[in-house]
Structures are given as structure tokens and as C-alpha cells.
Amino acid sequence: MTKYTVVVCDHIHESGLKILQDDENINFVMAADMDKKELVQNIIPTADVAITRSSTDVDARFIAAAKNMKAIVRAGVGVDNVDIEGCSKEGIIVMNVPTANTIAAVELTMTHMLSCMRMFPYSHDHLKNQRVWKREKWYGHEMKGKKLGVIGFGNIGSRVAKRAASFEMEIIAYDPYIHPSKVTDCDMTYTKSFEDILACDIITIHTPKNQETLNMIDEKEIAKMKDGVVLINCARGGLYNEEALYNGLKSKKIRFAGIDVFNKEPATDHPLLDLDNICVSPHLGANTFESQYNIGTQAATNALEAAKGISFAHAMNLPIDESKIPSFVKPFLEMGQKIGFLESQMNKSQIIAIKVSGHGEIANYVESLSTFVAVGAMSQNSGDTINYVNVDFVAKEKGIKIESESLGDSSVYKNLITIKLTTAEGTTTISATIFDDGVQRIVAIDGFDIEVALKGDMILFKNSDVPGVIGSIGSTLAKHNVNIADFSLARNDNAEALAVILVDNAVNDETMQELTSLDACLGVNYARL
């Protein structure tokens, strides 16, 4: 009977430990109280799977010692202390447990919401610690009848909305990456306009932290909010710009805020703590006994299955067995994922279908390619953790159709892939190849034959094919101090043109709005790779 060694590097709930102890195939090592240097030197070299939390850094020293390691299970959501790239190079699969603390996060959000509306922590302190009985000081607001704006309607956001509805609140949800029926079926309002969210009485955010959501609420957004708005963030630090939040609270534009997460933690000397209209907690989203039970049992179960090779649930990286594929395939897989990511930025809406076609020898690997494309397309606009293991399941759950098609040889290119992304707003199609020098190149976008490097900050400008457009684009970008690194142009038979402009610096909303307002503009998108 094969025995697998699973080492628990940090403390998890005893229910998880029992799962490991009771499995006769597992050699269980409890090392949570062991010195980390001793752990790495004496235990990690023989381990098949390790379960870690925030106290153990999976760094270069750890990875170098992990000679037999198949997988690392992070018992929780965050993997900031795990060198994922380093693990990938050594073929170690990194897994997390992303849904175990859902209810804990939901209920903490409701706690902050109620605390802000009734100023409960302050009235509690006034009586208990200051021993002052002054009822007239603590007039709050009822939640009934108030408009709640929910940004992100995934596992947590949707559950917050349902609980808020029981308080007879009016729910308005903003999430461009879900089908509106997910909201409307709950007798709530779905909006495509972020302005509708900014007009709400209370706003709560439940999105991943990425390039699109970082500083999603900033000075400009706060200025558009109604006076006396209440803001809640129990998701990720940095979704609200903290300086803008401070200014809004200081001026009383924001009446109250409930904050569980900060840009830099621990946040024991943060300016927000000096204000008297904020409720704060030290990142307690997962701090319930029930969520710790869920985290422990799920982490242990995932570790068992990984050790035995059954599955790699919530794998954040999945090594490719290069012995089973030609060396030229892997760069196409990587490029396909990039294109999926690019198209999801060009076509920001609920994904309906992803179709991957291949010309040449790469056509024999389009099924594997479609998985990578789907991960790229879905990773940035989904509330879920998307990886190579669960992408098909998540796609099926969301009603996204993934197709692959093997075609004949291309008349122009040795190998060519074409990726068609269909969303509720339309279709985007990109073809790309890799030249003999290893350079990845887009060769067609939506019917325009155009050669573009697959990197950097990219503006895609479609326009009526009339004189003066290039000059107008150049002067607009120059006005906003945006430097052009490369400019590619293509035309079609319908008197239309497409310009793909690579720029050296990020492009703000004001610049994009000005480009959109140019007379010849038929559409403009901005993407970052």
C-alpha cells in the first residue's frame, strides 16, 4: 500500500487534522509548532503535499527543499506568501480554498453595515467604557427603504444582497460579467451603469482585486455620490482609494464607512483610524469558528486528493507535462491565454461562448489550447478563482460554451490560432501566430489584417476611413502626455479602419472619452497585457 506524506505547516482546525489522521494511505506530520528552519531542513524534503497558512513562507528555500512535493494547499484564499512562479518551475501545484469563508465574509459585511447605520460601536464605547448615558447623541438611520448598491454579484455579493433584501432595502447590483437574470430573478435591479451605484445610499464592494478594480472608488466617484453616503469594504484593500476615502469621511461627504481591509496590513497607524465616522476591524472576514472548520476540512480533503493524484481542486497553476507535447506547443498555450485575456478586456461583458480554431500542426492541440484561452478570458472578470482544473466546471456553471476546431493548413502561416469570444455585447475575433524567432504576433483582429506585438498597453481604435483621423488620435494622446510606442493601421472594404496603438504609459478615462468623442470614431478599447 502506497503511503503519502502530508505535512501541516501551520495550525488548521482539528477537523482537518482528523481527516488526515484517519486515512490509512497518509503519513500525517503535524509541524505547526516546529521551528521553520527545522521544518524546511528535515520535514519538507520527504513531503508529498504541504498545507500552509500565512505563517509559512513558500519561498525559494522552501521550494528548493521540496524535492518530492506534488502540491501545496494554502488553507485560505490569499497566496501572497507563496512563490507561485517558483512552484510552477518545479512542477508543484499551488492550490487554495477560496469559498470556505463565504458566509463569514457575508455576515461581517452585514455587521459593518448595521454598525455604520446605527453607530453601534461608538454608543457601546460611550456607555461601557466612558460610562455616559446619553441617548440623544446616538440617533442613527434605518436600513428599510434605503438603496444598497452592490458592486460584484458573485458568491459573497449576491448573499449580502439577499440578506439586505430581508431588511426591505432596494438592491441595485453592478456586475458586467454576469447574466442580468441572476439579479432580476431575485427581484432586484441590475444595472450596466456605474452611475446608478454611485447614487445609492449605501455601497458595498465584493470584487477581486485586479487592474480593473484597483481604486475603483476614487475622488471622482466619491464626488458623484449623494451626500451622506455609507461605504462598506470587507473584500480587498485598495478597491477604495484610501486617501480619497479619508478625504470623503473628513468632509462628511461620506457619512460613515465600514472597513475590514487595508492596502497595507497590519494597519495600526492608519490615518483612517483617527476619524470618528468609521467602523474598522482587523481583516476578520474569515474569523469564525465555522469558516475555520470549513477551511480545515477542505484543505485536508484537497491535500488528500492531490497526494493521491485524484484531483487538484482550485489549482492556481497546473504544470504542463512537456514530455507529452512538442516543444512548440507550450508558447502557443501561453499566447492563447494572453489573447483570451486581451479579448475579455476588449469585450467587457458576460461571456457566452469561446471558440478556438487551429491551422497547421497546432490544430492537433486545440482542446488543450481552449482550456488556456478560457482561463485567460474568464480570470479577470469572474468572482471565482479560475484555473486549469476548474475552468470547464465554472464555464458550465455560468453557461459559457467552450468549443475547439481543427482546421487544415494555413495558406500563409505554418501555425495559426484563431480565438472567437462571444459576449452579450458582441463578438471579438483575433488570429495570431508565433514566428520562427519566437515572437508572438497578432495577425488579424475582427476581419482586419494587422500585425501587432502581443504586449504592453494597447489602444484599439476603429473609425470611418476618412482623412485626418491619425492626426486627431496623435494630438489627443499628446495632449494627455501619452507617448506612442508603435502604431499599426489596417483598412477593410467597408470604408473602415482599425488602428492598434501601443503606448508607453497607462491611459486614463478622460483620454479614452476624448478619443471616443472624435467624429470618425466607431469604437475604442483599451487593454493592458
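The crossing of helix 5 and helix 7 is right-handed, a label given when the near helix is turned clockwise from the far one by less than a right angle, and left-handed if anticlockwise. By class, this contact of helix 5 with helix 7 comprises eight nonpolar, three polar and two charged residues; Ala, Val, Leu, Ile, Met, Phe, Trp, Tyr, Cys and Pro count as nonpolar, Asp, Glu, Lys and Arg as charged, and the others, Gly among them, as polar. The model is predicted, with local features requiring pLDDT of at least 70 and side-chain atom pairs counting only at pLDDT 80 or more, whereas totals for chains, interfaces and linings use all residues. Residues are numbered from 1 along each chain as its sequence is written, and side-chain values use heavy atoms, leaving out hydrogens and water.

**Helix 5 and helix 7**

- Helix 5 (residues 102–118) packs against helix 7 (residues 155–165) at an angle of about 45°, and their axes are 9 Å apart.
- Helices (H or I, at least four residues) and strands (E, at least two) are DSSP runs numbered from the N terminus.
- Axes are lines fitted to C-alpha atoms, for helices over the stretch in contact, and angles run from 0 to 180 degrees between N-to-C directions.
- The two helices, helix 5 and helix 7, are therefore oblique to each other, the class left after roughly parallel (under 35 degrees), roughly antiparallel (over 145) and roughly perpendicular (65 to 115).
- On the helix 5 side, the contact (heavy atoms within 4.5 Å) includes Thr102, Val106 and Met113, while helix 7 contributes residues including Ile156, Arg159 and Ala164.

- Five strands form an open sheet in the order 2-1-3-4-5, with parallel pairing; two strands pair if DSSP finds at least two bridges between them.
- Strand 2 (26–30) and strand 5 (93–96) are the edge strands, each pairing on one side only.
- Strand 4 (residues 71–74) pairs with strand 5 in the parallel sense over four bridges, and Ile72 has Val94 in strand 5 as its bridge partner.
- Helix 12 (residues 289–308) lies across strands 1 to 5 and runs at about 160° to strand 3 (49–52).

- Seven strands form an open sheet in the order 8-7-6-9-10-11-12, with parallel pairing.
- Its edge strands are strand 8 (189–191) and strand 12 (278–280), and the twist averages 15° from one strand to the next.
- Strand 6 (residues 147–151) and strand 7 (residues 170–174) pair in the parallel sense over five bridges, with Gly149 opposite Ile172 in strand 7.

**Ile351**

- Ile351 lies in strand 13 (residues 351–359).
- Ile351 counts as buried because its relative accessibility is 5%, buried meaning under 20% relative accessible area, exposed over 50% and partly exposed in between (1.4 Å probe, protein chains only).
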